[in-house]
Amino acid sequence: MIVKLNDSGEMMDNKEFGLKIRTLREEKGITREDFCGDETELSVRQLARIESGENLPTLGKVAYIAEVLGVTIGNLADTENFELPLRYKELKYQILKSPTYLDEVRLEIRENQFDEIFTDYYEQLPEEERLMVDCMQASLDVTLSKNFHFGVGIINDYFEQIKLKKHLQENDLIILELYFICLIASNFSSDIYDSTSFQYLIDNLLDQEQYGDIENLFLVNKALIKAFGANVYRKDYAKLEEIANTCRRIMTNTGDFQKMPILNLMEWKYYLYSKNDPSSAEACFENALKFAQIIDDVYLEENLKTEWENDCTVFEFDC
């Protein structure tokens, strides 16, 4: 169990910590609804879980709670106890930054990474970190199974809260990536899709560059790549160029060149589907292929060739 120091220097468990927050809130006569406001920083349900001791808040949530209560973070908890284990952070970023391309060898490595997190760290993580792990696992499950129901529960729980936000945070971006994956897997089922929300969320993702959060921009890029695929799937090509250009700027600013072949793939699809320009599309395909050869990724190289051949067949021109 994750613990903190109470005011007397003794160890305080999650329930005691949650009770302290609830007591301070009730002493000030603040309802949970008023405490959470528009719920962009903290939802009523999240607060209830924290106060009951079910979940531990992240340091960011603790800062928000302390601000509303009019106390310092130090009055609530020893912040050192909110530091995530180094090995967990290594595993999380390996999962986030190393695509599998559905290669069996890489999928086995990914499965082992998730197993280690769930075995050694999951029960000790704050709620937001658990949610991130759940989203990453759900995204993989939906991709592999083509069954969007693996992600529906998470989307239904958090989607309305995300739509209220202008400045998206780490978990918001991970959930949006899952949302676009589920849309494709569900064939844009009305259970999770409506056109107004879909367009708003893409526009909001495109606006995230203005905040300059380098780590978040990496996640913005991942979500935009999935949004691009969703637009191609539903044959809506209006945003393809803007999405591809935004991804290129983000990759340049963050140094995330590992996804350059995916960007080249996006650009060739833009030229084919939106511009009907096979010549420019082929140039993008050749660039993607060269990058895969430079990094000696044979599996990626073969996938790119297969995807290009499929597009050649669809558009009826010689590869």
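**Entry 1: Arg110**

I looked up the backbone oxygen of Ser98 and found a polar atom of the Arg110 side chain 2.5 Å away. I counted a polar contact as a pair of N or O atoms within 3.5 Å, where within protein one must be able to donate a hydrogen and the other to accept it, and residues adjacent in sequence count only if both atoms are side-chain atoms. The model is predicted: local features need pLDDT of at least 70 and side-chain atom pairs pLDDT 80 or more, while totals for chains, interfaces and linings use all residues. Residues are numbered from 1 along each chain as its sequence is written, and side-chain values use heavy atoms, with hydrogens and water left out.

I placed Arg110 in helix α7; helices (H or I, at least four residues) and strands (E, at least two) are DSSP runs, numbered from the N terminus. Arg110 and Ser98 stand 12 residues apart along the chain, and their C-alpha atoms are separated by 9.1 Å. Leaving aside residues up to four places away in sequence, I noted that Arg110 touches Gln94, Ile95, Ser98, Thr100 and Leu140, contact being heavy atoms within 4.5 Å. Arg110 counts as buried because its relative accessibility is 8%; buried means under 20% relative accessible area, exposed over 50% and partly exposed in between (1.4 Å probe, protein chains only).

**Entry 2: Salt bridges**

I next turned to charged pairs. Side chains of opposite charge can pair when their charged atoms come close. The structure holds 27 salt bridges, each a side-chain nitrogen of Lys or Arg within 4 Å of a carboxyl oxygen of Asp or Glu.

I recorded one between Arg45 and Asp157, at 3.6 Å from N to O. This pair links distant parts of the chain, 112 residues apart, with Arg45 in helix α3 (residues 44–51) and Asp157 in helix α9. Arg45 is partly exposed at 35% relative accessibility, and Asp157 is partly exposed at 43%.

I also recorded a salt bridge between Glu128 and Lys61, at 2.0 Å from N to O. Here helix α8 holds Glu128 and helix α4 holds Lys61, 67 residues apart. Glu128 is partly exposed at 24%, whereas Lys61 is buried at 12%.

**Entry 3: Pockets**

I then examined open space. Rolling a probe the size of a water molecule over the atoms shows where empty space is left. On a 1 Å grid over the protein atoms alone, where a 1.4 Å probe fits, a pocket is an open set with protein on both sides within 12 Å along at least five of seven lines, and lining residues have an atom within 4 Å of a point. The largest pocket holds about 1,600 Å³, a volume being the space filled by probe spheres set on the points.

I found 38 residues in its lining, with Leu102, Thr143, Ile225, Lys226 and Ile262 nearest the centre. Helix α12 gives the most to this lining, 7 residues.

The second largest pocket has a volume of about 700 Å³. Of its 30 lining residues, Thr58, Gly60, Lys61, Glu128 and Gln169 lie nearest the centre. I noted that α4 (59–69), α8, α9 (149–163) and α10 each give two or more residues to this lining. Its residues divide into 10 nonpolar, 10 polar and 10 charged; Ala, Val, Leu, Ile, Met, Phe, Trp, Tyr, Cys and Pro count as nonpolar, Asp, Glu, Lys and Arg as charged, and the others, Gly among them, as polar.
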